[in-house]
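I opened this structure today to look up its sheet, its pockets and its cavity. My entries are below.

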Amino acid sequence: MKFVTSDNVTLNYTDTGEKNKRAVLCVPGLGSRSAFWHDFIQLLRPVYRVVLIDPRNQGKSERTDKGERISRHGSDIEELLRELELTDVIGIGNSMGAATLWSYLSLYGKGRLAAMIDLDQSPVMIAGRGWHYGFKDLSWMNYPDYLRRAFGKPTYTNMDDDMFYQAKLENERYPYDPDQNYKCLVDHAEQDWRDVLKYAPVPMLVIAGKQSPYFNYHFTDAIKKINPEIKTEVIDNCGHLVQAERPKKTHELIMKFLHEEKLV
């Protein structure tokens, strides 16, 4: 399905469509594939309506030089939820998808969200200035040139074979160009979302992959110091693509959180 943003960019989304259920919005990370959410979405479907967006310049969404910044991605979320007339939505973001949801909360407060779940994204990408849990070895000494490098394999464990095959087909049909989205990556890397976490307007759960090649999972401990009310979990035998590598465990932890918050 398609919708057109206020800056005239056509974005793709999928929607399981059950109007009698609370909605969950899934937001992939930079350069990721919607196929990586398939098994996780099937676990959510008995209870929730699930909407999955392809961010601009990814998946089946339009390739454009407009809005190569996280604030615009946050606005895209608001416009999609308004288009679908959805409120009290549970937002789940993997990697930069979590930053997109933090951007949404920064721009709109609670807005149309009832809760937010971060899947393996540190609130600060660049190590330094009292923060030791950035992206890989990214620091102010090598920024931004470090972001031009190949990031390497994001996973630690093998995901389902069929899901991996579908993601490969998706990439062949709708290839992602990292050079085209480099400005967005730089903007993403420059953000510091600690104030959003400190004054979180909605209940929040942060899940890290213990063997993530991108982030040191101890960033969850640092988040608890920022705001003890934020729930944190670490999944063992898991890399960066938490919902793809360990969908059942991810679902289990999320459902526990949502039961505690009375959002089931």
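These notes go from the record to the sheet, then to the pockets and the cavity.

**Entry 1: model and record.** I am working from a predicted model. I checked UniProt for a domain. An unreviewed entry there lists "domain: AB hydrolase-1" for residues 23–247. I then looked at that span in the model. Its end C-alpha atoms lie 18 Å apart.

Entry 2: I traced the strand order next. The sheet is open and has eight strands, in the order E1-E2-E4-E3-E5-E6-E7-E8. The pairing is mixed. From one strand to the next, the twist averages 20°.

I picked one pair to follow up. Strand E2 (residues 10–15) and strand E4 (residues 49–54) run antiparallel and are joined by four bridges. Within this pair, I found Asn12 opposite Asp54 of E4.

Helix H7 (residues 219–226) lies across strand E6 (113–119), strand E7 (204–209) and E8. The angle between H7 and E8 is about 175°.

**Entry 3: largest pocket.** I read off a volume of about 930 Å³ for the largest pocket. Its lining counts 39 residues. Nearest the centre are Leu30, Gly31, Ser32, Pro154 and Tyr214. Which helix gives the most to this lining? H4 does, with five residues. Helix H4 (161–173) and helix H5 (182–190) each supply at least two. By class I noted 19 nonpolar, 13 polar and seven charged residues.

**Entry 4: second largest pocket.** This one has a volume of about 460 Å³. It is lined by 23 residues, and Thr14, Ser34, Ala35, His38 and Glu170 are the closest to its centre. E2, helix H1 (38–44), E4 and H4 each give two or more lining residues. H4 gives the most here, with six residues. I noted nine nonpolar, seven polar and seven charged residues in this lining.

**Entry 5: cavity.** How many cavities of 30 Å³ or more does the whole structure hold? The search finds one. About 40 Å³ of space lies in the largest cavity. I listed its lining as Val27, Ile53, Pro55, Arg56, His73, Asp76, Ile77 and Thr100. Helix H2 (residues 70–83) gives the most to this lining, with three residues. The lining divides into four nonpolar, two polar and two charged residues.

Terms used
Residues numbered from 1 in each chain as written. Predicted model: local features only at pLDDT ≥ 70, side-chain atom pairs only at ≥ 80, totals over all residues. Heavy atoms only, no water. 1 Å grid on protein atoms, 1.4 Å probe; cavity = no way out; pocket = protein on both sides within 12 Å on 5 of 7 lines; lining within 4 Å. Points joined across faces, edges and corners; volume = space filled by probe spheres on them. Nonpolar A, V, L, I, M, F, W, Y, C, P; charged D, E, K, R; others polar. Pairing = 2+ DSSP bridges. Axes fitted to C-alpha atoms, helices over the stretch in contact; angles between N-to-C directions. Contact = heavy atoms within 4.5 Å. UniProt positions renumbered as here; feature names shortened; annotations may be inferred.
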